[in-house]
Amino acid sequence: MEHNEMDTLEALLVARHSCRAFLPEHIPQATIERILSAAQRVPSWCNSQPWKVTIATGEVVTELSARLFAARMQGMEEPDVAFPETYKNEYKVRRSVCGWQLYNAVGIAKGDREASMAQMMENYKFFGAPHVAIIHSPSELGAYGALDCGAFITGFTLAALAMGIATIPQAAIAGRGPVVRDFFDIPKDRDILCAISFGYSNTDHPANQFRTERAGLSEFVDWA
Ligand SMILES: Cc1cc2nc3c(=O)[nH]c(=O)nc-3n(C[C@H](O)[C@H](O)[C@H](O)COP(=O)(O)O)c2cc1C
């Protein structure tokens, strides 16, 4: 392993962003397999590799989307792992800022509930992505299984980008855990954590025209 790879890695880390409009073209199976193999090189506690990935393509994605739409219309969210009840302080601010970046990019005005709901529902269309990976973890591993799956998600998004493929992790899909579980027959002893929608980016789409910021080191590092 050469030790001069930082420029490449940094370029990938900086260029990666969540894609919210995809082109319909499918990714070759061999490319998807290469991304998966690269992503699974991430570390996990005692090398447990708790992630499992259920991948849907094309018409299966369309069918899942229809089920999720119907479920969303019926109301309550039921994630396997409870969603945060609240975001406070800087977390609240960052959440709001990235939300407004998206709304400004796609031209949603403050108070336009109909347009913001329509944008939210894009989650259940997977933003037009031809492929969706559902990430699930064994329930008994709890937060540590989810932690390892987070690493896998990062590996997946970076490996995909290295092959010119755009991604977006989507916890919104975990909010409809029972629908996803039933659709794919995912065992009850696994927590559905999120989806990753992926495909080629529609780079001209307004939703893909903004980039999120990051806090400075002083905001998240304590040098003890
Ligand atoms: C675990 C996880 C879940 C996410 N869920 C959603 C989601 O449901 N819908 C969405 O539009 N974006 C979702 N995102 C994307 C984040 O909003 C995004 O990563 C964040 O704003 C930083 O922007 P960037 O990915 O473009 O750098 C999720 C990201 C992560 C890591």
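Among contacts in the protein chain between residues at least 6 apart in sequence, 85% join residues at least 24 apart. Two residues are in contact here if their C-beta atoms, placed from the backbone, lie within 7 Å. The model is predicted: local features need pLDDT of at least 70, side-chain atom pairs count only at pLDDT 80 or more, and totals for chains, interfaces and linings use all residues. Residue numbers start from 1 along each chain as its sequence is written.

The protein chain holds 8 helices and 4 strands. Helices (H or I, at least four residues) and strands (E, at least two) are DSSP runs, numbered from the N terminus. Their order along the sequence is α-α-β-α-α-α-β-α-β-α-β-α. The C-alpha trace spans about 50 × 40 × 40 Å along its principal axes. Of the 224 residues, 29% are buried. A residue is buried if 20 or more other C-beta atoms lie within 10 Å of its own, exposed if 12 or fewer, and partly exposed in between, with C-beta atoms placed from the backbone.

The surroundings of the ligand were examined next. His-17, Ser-18, Cys-98, Asn-123, Ile-168, Pro-169, Gln-170, Ala-171, Ala-172, Cys-194 and Thr-212 surround the ligand. A residue is near a molecule if its C-beta atom, placed from the backbone, lies within 6 Å of it. Strand 3 (residues 166–170) gives the largest share of this shell, 3 residues. By class, the shell has 6 nonpolar, 5 polar and no charged residues. Ala, Val, Leu, Ile, Met, Phe, Trp, Tyr, Cys and Pro count as nonpolar, Asp, Glu, Lys and Arg as charged, and the others, Gly among them, as polar.

Helix 7 (residues 177–184) has buried residues Gly-177, Val-179 and Val-180. They lie on the same side of helix 7, because they cover an arc of only 165 degrees around the axis. The arc is that of the directions from the helix axis to the C-beta atoms. Pro-178 and Asp-182 are exposed on the other side of helix 7. The buried residues of helix 7 pack against helix 3 (59–74), strand 2 (131–138) and strand 4 (190–199). Asp-185 follows helix 7 and has a positive phi, near 60 degrees.

Met-163 lies in the loop between helix 6 (142–162) and strand 3. Met-163 counts as partly exposed because it has 13 C-beta neighbours inside 10 Å. Not counting residues up to four places away in sequence, Met-163 touches Thr-31, Arg-34 and Ile-35. Met-163 and Thr-31 are 132 residues apart along the chain, yet their C-alpha atoms are separated by 7.9 Å.

Positive phi values also occur elsewhere. Cys-46 is not a glycine, yet its phi is positive, about 50 degrees. Cys-46 sits in the loop between helix 2 (29–39) and strand 1 (52–57). Cys-46 has 7 C-beta neighbours inside 10 Å and therefore counts as exposed. Asn-89, also a residue other than glycine, has a positive phi near 50 degrees. Asn-89 belongs to helix 4 (residues 89–106). Asn-89 is exposed, with 7 other C-beta atoms within 10 Å.
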